[in-house]
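User: I am new to this structure and would like to learn how to read a few of its features. Could you walk me through them?

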Amino acid sequence: KEASNLMAQAMKTVSQVIADNEDREHDYADYQLAMTLRQQIISVLTPHDPAAALKFLQSTRLPTELMNQPGMSDAELRLESSLINKVVAADPKRAFELAEEMLKRNSSALLIETLTRLSAKDRELARRLAHDMAKKVEGQDLIKSLEASYLCSSLLRIARTEPKGVKQDGDAQAQPLLTDEESRDLFLKMLSDMLSYAPSEENPYTPEYGAARVLA
């Protein structure tokens, strides 16, 4: 009980430090202090309550201008994804909801690990997540988004894989994550976008080139 009270106080204090830093021009020392304390809280809290750690992470999201700095957005996504993956074991339904929220914001291929873990705990929830992931990437120009091309190709690669240890015919746990029709639509989307790519004569090694390679 005492530890919980101290943790709650620490979370409140760090949240206030971060909020204060958002209200004025960012001071590098203040920012570094806030981020160090934030990371310490998440590290201490995660082994005991990953859901609470994730909630704290989400409530102290970095300002847009900081998230746009090189590497910051990716680091936040990796941390959020790792916490969601820890929630899967204790609460698959909540992990599914968190993954859906993350999917609405971006097309990160980090979601593939979450999908794999969820598949082992609740195949039906995993199929729903895979369906929504397919819809997400089908609505994007894969050549224009390297992360979406990674998510699409990774999803197609694992969607038809049968879960280990399930052999009963007709068992819901044995059903692929995507239906035949969904897999076909996803494959045709990848093929169409890949064939639409035209390399630049001035600079062939563009982000679009990288996306085309992933799809190929």
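User: How exposed is Tyr209?

Analyst: This is a predicted model, and in it Tyr209 counts as partly exposed, because its relative accessibility is 27% and that class lies between the cut-offs of 20% and 50%. Tyr205 has a relative accessible area of 62%, so this residue is exposed.

User: How do I read a pair of aromatic rings, and how many aromatic pairs are there here?

Analyst: The general idea is that a pair of aromatic rings is described by two things, the distance of the centres and the angle of the planes. Here the count comes to one aromatic pair. Tyr205 and Tyr209 form that pair, with 5.3 Å from centre to centre and 90° between the planes. The arrangement is edge-to-face, because the angle is over 60 degrees.

User: Thanks! Now, how do I read two packed helices? At what angle do the axes of helix α8 and helix α9 cross?

Analyst: In general, two packed helices are described by the angle between their axes and the distance between the axes. Helix α8 covers residues 123-138 and helix α9 covers residues 146-159; their axes come within 10 Å and cross at roughly 135°. That angle makes α8 oblique to α9. The crossing of α8 past α9 is left-handed.

User: Which residues of α8 and α9 meet?

Analyst: On the α8 side look for Ala130, Met133, Ala134 and Val137, which meet Ala148, Leu151, Cys152 and Leu155 in α9. Sorted by class, this contact has eight nonpolar residues, with no polar and no charged ones.

User: And is α7 roughly parallel or roughly antiparallel to α9?

Analyst: The axes of helix α7 (residues 111-121) and α9 come within 10 Å and cross at roughly 20°. So α7 is roughly parallel to α9, as the angle is under 35 degrees. Their crossing is right-handed. Ile112, Leu115 and Thr116 of α7 make the contact with Leu151, Ser154, Leu155 and Ile158 of α9. By class, the contact of α7 with α9 divides into five nonpolar, two polar and no charged residues.

Technical notes: Residues are numbered from 1 along each chain as its sequence is written. This is a predicted model: local features need pLDDT of at least 70, side-chain atom pairs count only at pLDDT 80 or more; totals for chains, interfaces and linings use all residues. Side-chain values use heavy atoms; hydrogens and water are left out. Rings of Phe, Tyr and Trp (its six-membered ring) pair if their centres lie within 6.5 Å; planes under 30 degrees apart count as stacked, over 60 as edge-to-face and the rest as tilted. Buried means under 20% relative accessible area, exposed over 50%, partly exposed in between (1.4 Å probe, protein chains only). Axes are lines fitted to C-alpha atoms, for helices over the stretch in contact, and angles run from 0 to 180 degrees between N-to-C directions. Helices (H or I, at least four residues) and strands (E, at least two) are DSSP runs, numbered from the N terminus. Angles under 35 degrees count as roughly parallel, over 145 as roughly antiparallel, 65 to 115 as roughly perpendicular and the rest as oblique. A crossing is left-handed if the near helix is turned anticlockwise from the far one by less than a right angle, and right-handed if clockwise. Contact means heavy atoms within 4.5 Å. Ala, Val, Leu, Ile, Met, Phe, Trp, Tyr, Cys and Pro count as nonpolar, Asp, Glu, Lys and Arg as charged, and the others, Gly among them, as polar.
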